[in-house]
Structures are given as C-alpha cells and as structure tokens.
Amino acid sequence: MFITFEGIEGSGKSTQIRLLADFLKKGSRDSIVTREPGGTEIGTKIRSILLDSVNAKINSLTELLLYEADRAQHVVEIIRPSLEAGKIVLCDRFFDATVVYQGSARGFNLDFIDYLHETILKGLKPDLTFILDCPVAIGLKRAWKRIANSSGKAKEDRFEKETAQFHEKIRQGYLRLARAEPGRFCIIDATQEPSVIHDNIVRIVNEKTLKI
Ligand code: TMP
C-alpha cells in the first residue's frame with residue numbers, strides 16, 4: 001500500500017508520518033518512511049540544491065527537472081521495490097507536490113508535467129493521499145519556528161521565503177486536486193491537535209487497508 005502526505009509548509013506532515021509509522025510498527029505491519037525530495041542518496045544531494053536559499057536564482061525549469069530527477073531515482077530505487085516486497089510505503093510528498101508547486105504556483109504547463117509523470121511513474125499512483133490543510137499564516141509560523149529551533153543548521157528555507165500569495169496558491173492547488181479525485185485524497189484539518197489528527201489518519205488507513 002502506498003500512502004503519501006501533502007500540505008503547505010508547516011502543515012505537520014512529518015509529525016503525522018512519524019506517528020503513523022510508530023503505530024504500524026507496534027502492529028507489526030511492515031512499513032518504510034521516505035520522502036521527496038531526498039529519499040535516496042542521489043536524491044539527498046538533489047534536495048540540498050533545491051532547498052538551500054543560496055540557490056535563489058535557480059531557473060524554474062531546472063527546479064522542475066531536479067524534482068523529477070529525484071523522483072525517477074526514488075521510484076526505481078525505493079518505492080517500487082518496497083511495494084513489490086509488500087511493504088506499506090509512507091512518503092512525505094510525491095508527484096502531487098510538483099503539480100501544485102511547479103504547476104499551480106510557478107505556472108508550468110500541466111500537460112508537460114503530466115507527460116513527465118507518465119514517463120517516470122509508468123502508472124504508479126498512491127492508494128491514499130492525505131492533505132494536511134491549514135491556513136497559510138499558521139503553517140508558515142510553524143515552519144519558521146522549526147527553522148529557528150534548528151539553531152541555524154537548517155538551510156532548507158528557499159520555499160519558506162516565498163510570498164504568502166505563493167503559499168496560498170499551493171493550498172488552493174491541493175484542495176482543487178482533492179476535489180477532482182475524492183477517492184484517493186483525504187483532506188485533514190491540520191489545525192487540530194496532533195493526537196486527534198493521528199487518530200483520524202489511523203481510522204482512514206484501516207478502512208482503506210480493508211478495501212485493498
Ligand atoms: P519538505 O520536505 O520540507 O516538505 O520540503 C520540500 C520542499 O520542496 C517544499 O517546499 C515543497 C517543495 N517541492 C516542490 O516544489 N515540488 C515537488 O515536487 C516536491 C516533492 C517538493
């Protein structure tokens with residue numbers, strides 16, 4: 001089973017993935033946690049180029065193709081083999097992120113993005129995608145707090161430095177995707193307590209597992 005988590009910066013994806021992974025481990029369900037960008041060794045190098053704010057002048061096509069390069073490696077090296085081994089794959093962001101960040105927000109042609117995804121994914125799609133939805137002001141406040149608490153170690157703030165309008169386009173882009181494909185997406189109110197969100201996610205994963 002392939003489960004992805006999406007949302008604006010500071011929406012709490014990482015916390016929820018950790019909680020779900022711990023829950024699955026307790027129930028002896030074989031799972032792995034991975035992420036984009038940066039789910040492989042090669043991807044980790046790509047991630048540092050993509051997120052470091054010293055690279056503010058990155059060209060938007062370079063940015064798009066680096067996300068897709070990361071994904072191409074990730075799918076072949078981690079996601080497909082793990083799914084074939086029967087594992088539950090929990091992935092922090094996947095192709096929907098490109099559709100909204102590079103498509104809805106940066107304005108790339110969606111047909112071009114779809115073409116890249118057909119080539120890279122060859123039909124692979126998450127069974128379930130959680131969108132942790134919260135107002136931009138709340139998400140950005142949390143994201144900057146996390147960066148401040150990392151005592152200067154986190155240089156990964158290129159996207160946090162984008163305008164509030166940019167982040168609003170991301171939020172609305174995700175909500176649009178969810179409306180278009182309600183069978184795969186679940187929108188979760190990410191302003192709730194983490195334990196409440198976790199209980200909700202567990203209930204939905206259990207329901208979905210029974211159907212697959
Ligand atoms: P995160 O791992 O902290 O969520 O950071 C990844 C950043 O990269 C986040 O700002 C969203 C952005 N991103 C894209 O712009 N396109 C993509 O395809 C992916 C996977 C992430």
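This is a predicted model: local features need pLDDT of at least 70, side-chain atom pairs count only at pLDDT 80 or more; totals for chains, interfaces and linings use all residues.

Colleague: What is a salt bridge, and how many salt bridges does the count come to?

Modeller: A salt bridge is a side-chain nitrogen of Lys or Arg within 4 Å of a carboxyl oxygen of Asp or Glu. By that rule there are 14 salt bridges. One of them joins the side chains of Arg 71 and Glu 36, at 2.6 Å from N to O. This pair links distant parts of the chain, 35 residues apart: Arg 71 is in helix H3 (residues 60-84), and Glu 36 is in the loop between strand S2 (31-35) and helix H2 (41-51). Helices (H or I, at least four residues) and strands (E, at least two) are DSSP runs, numbered from the N terminus.

Colleague: Are Arg 71 and Glu 36 buried or exposed?

Modeller: Buried means under 20% relative accessible area, exposed over 50%, and partly exposed in between (1.4 Å probe, protein chains only). Arg 71 is buried, at 2%, and Glu 36 is buried, at 4%.

Colleague: Which parts of the structure does the pair of Arg 171 and Asp 133 tie together?

Modeller: The side chains of Arg 171 and Asp 133 form a salt bridge of 2.8 Å, N to O. Arg 171 lies in helix H7 (residues 164-180) and Asp 133 in strand S4 (residues 128-133), so the pair ties together parts 38 residues apart in sequence. Arg 171 is buried, with a relative accessible area of 18%, and Asp 133 is buried, with 13%.

Colleague: Where do Arg 203 and Glu 207 lie?

Modeller: Both lie in helix H8 (residues 194-211), 4 residues apart, about one turn of the helix. Arg 203 is partly exposed, with a relative accessible area of 43%, and Glu 207 is partly exposed, at 40%.

Colleague: How is a nonpolar core defined, and which residues of the largest nonpolar core touch the most other members?

Modeller: A nonpolar core is a set of buried Ala, Val, Leu, Ile, Met, Phe, Trp, Tyr and Cys residues joined through side-chain atoms within 4.5 Å. The largest has 41 residues, of which Ile 3, Phe 130 and Ile 201 touch the most other members. H8 supplies the largest share of this core, 5 residues. A second, separate core has 16 residues, including Ile 32, Val 75, Val 89 and Phe 94.

Colleague: With which residues is Phe 130 in contact?

Modeller: Contact means heavy atoms within 4.5 Å. Apart from neighbours within four places in sequence, Phe 130 is in contact with residues including Ile 3, Phe 5, Cys 186, Ile 188 and Ile 201.

Colleague: How many disulfides does a search of the whole structure find?

Modeller: A disulfide is a pair of cysteine sulfur atoms within 2.5 Å, and the search finds 0. For Cys 134, the nearest cysteine sulfur is that of Cys 186, 17 Å away. Cys 134 is buried, at 1% relative accessible area. For Cys 186, the closest cysteine sulfur is in Cys 91, at 17 Å, which is too far for a bond.

Colleague: Which residues around the ligand come nearest?

Modeller: A residue is near a molecule or strand if one of its heavy atoms lies within 4 Å of it. There are 14 residues around the ligand, of which Glu 9, Tyr 67, Arg 93, Thr 98 and Gln 102 come nearest. A polar side-chain atom of Glu 9 lies 2.8 Å from a ligand oxygen atom. An N or O atom in the side chain of Arg 93 is 2.6 Å from an oxygen atom of the ligand. In the side chain of Gln 102, an N or O atom is 2.8 Å from a ligand nitrogen atom.

Colleague: Why is helix H4 described as largely enclosed?

Modeller: Helix H4 (residues 95-105) has 10 of its 11 residues buried, so it is largely enclosed by the rest of the structure. Thr 98 and Gln 102 are among the buried residues of H4. The buried residues of H4 pack against strand S1 (2-7), H3, helix H5 (110-121), S4, H7 and strand S5 (185-189).

Colleague: Where is the place of Arg 158?

Modeller: Arg 158 is in the loop between helix H6 (136-149) and H7, and is buried at 8% relative accessibility. A polar contact is a pair of N or O atoms within 3.5 Å; within protein, one must be able to donate a hydrogen and the other to accept it, and residues adjacent in sequence count only if both atoms are side-chain atoms. The side chain of Arg 158 makes such a contact with the side chain of Glu 63, at 2.9 Å. A network of salt bridges links Glu 63, Arg 106, Arg 158 and Glu 162.

Methods
Residues are numbered from 1 along each chain as its sequence is written. Side-chain values use heavy atoms; hydrogens and water are left out.
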